[in-house]
Amino acid sequence: MGTLEERITKSETRIFKAVFPSTTNHYDTLFGGTALHLMDEVAFICATRFSRKKVVTISTGQIDFRKAIPAGTLIELVAKVISVGRTSCKIQVDIFMEQMYSELRESVVAGTFSFVAVDENKKPVPILD
């Protein structure tokens, strides 16, 4: 599968979404819970691509919401492995917001998610072979 660094590089995962009114709150900004859901999803995909094993979310680190994300913007979620343990890995997730009709792009949310590799009995197993 290559070196650890190659696996980390190849597993970086990016997802783009448009922020529609159906995903916003009464302030017309993206629900925090929706952002967390999307972050966990992209982190899961990254951890799975990195390990090629069944993984489960075991914890989140601090999540920093730096700026509200209004309806009518685009977001990019970027996930990458930042540390690897015997049975686990930690994923950094950043959300970048882009204006639809300009080049403006900024980092607006950041956080970490930890995953453990599990077997068919949901017992921890080595994350890498």
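Lys and Arg count as positive here and Asp and Glu as negative, while His and the chain ends are not counted. The place of a charge is taken as NZ of Lys, CZ of Arg, CG of Asp or CD of Glu. On this basis, the protein has 16 positive and 15 negative charges, and their mean positions are 6 Å apart.

The model is predicted, so local features need pLDDT of at least 70 and side-chain atom pairs count only at pLDDT 80 or more, whereas totals for chains, interfaces and linings use all residues. Residues are numbered from 1 along each chain as its sequence is written, and side-chain values use heavy atoms, with hydrogens and water left out.

The overall fold was described next. The protein contains 2 helices and 6 strands. Helices (H or I, at least four residues) and strands (E, at least two) are DSSP runs, numbered from the N terminus. Along the sequence, their order is α-β-α-β-β-β-β-β. The C-alpha trace spans about 45 × 30 × 20 Å along its principal axes.

Surface and packing were then computed. Accessible areas come from the Shrake-Rupley method with a 1.4 Å probe, and for residues only the protein chains shown count as cover. The protein exposes about 7,300 Å². Carbon and sulfur atoms supply 55% of that area. Residues are called buried under 20% relative accessible area, exposed over 50%, and partly exposed in between (1.4 Å probe, protein chains only). Of the 129 residues, 39% count as buried. Contact means heavy atoms within 4.5 Å. Among contacts with a separation of 6 or more, 70% join residues 24 or more positions apart.

Helix H2 covers residues 32-51, which makes 20 residues. From its first C-alpha to its last, H2 reaches 28 Å. This is close to the 28 Å expected at 1.5 Å a residue. The expected span is 1.5 Å times one less than the number of residues. The buried residues of H2 are Ala35, Leu38, Met39, Val42, Ala43, Cys46, Ala47, Phe50 and Ser51.

Backbone angles came next. Most residues other than glycine have a negative phi. Just after H2, Arg52 takes a positive phi of about 55 degrees. Asp28 also has a positive phi, near 65 degrees, and is not a glycine. Asp28 sits in the loop between strand E1 (13-18) and H2. Its relative accessibility is 41%, so Asp28 counts as partly exposed. For Lys122, another residue other than glycine, phi is positive and near 65 degrees. Lys122 is found in the segment after strand E6 (105-117). Lys122 counts as exposed because its relative accessibility is 68%.

Thr24 lies in the loop between E1 and H2. Thr24 counts as buried because its relative accessibility is 11%. The side chain of Thr24 reaches the backbone oxygen of Pro21 at 2.9 Å. Leaving out residues up to four places away in sequence, Thr24 touches Val19, Thr29, Leu30, Phe31 and Ala71.

Glu76 belongs to strand E4 (residues 73-84). At 4% relative accessibility, Glu76 is therefore counted as buried. A polar contact is a pair of N or O atoms within 3.5 Å; within protein, one must be able to donate a hydrogen and the other to accept it, and residues adjacent in sequence count only if both atoms are side-chain atoms. The side chain of Glu76 makes such a contact with the side chain of Arg14 (2.7 Å). It makes another with the side chain of Arg105 (2.7 Å). Not counting residues up to four places away in sequence, Glu76 touches Arg14, Ile15, Phe16, Asp94, Ile95, Phe96 and Arg105.

Lys90 is in strand E5 (residues 88-99), and Thr112 is in strand E6. Lys90 counts as partly exposed because its relative accessibility is 32%. Thr112, with a relative accessible area of 15%, is therefore buried. Beyond four places in sequence, Lys90 touches Lys80, Val81, Ile82, Ser83, Thr112, Phe113 and Ser114. The C-alpha atoms of Lys90 and Ser59 are separated by 9.3 Å, although the two residues are 31 residues apart along the chain. Thr112 and Leu77 are 35 residues apart along the chain, with 12 Å between their C-alpha atoms.
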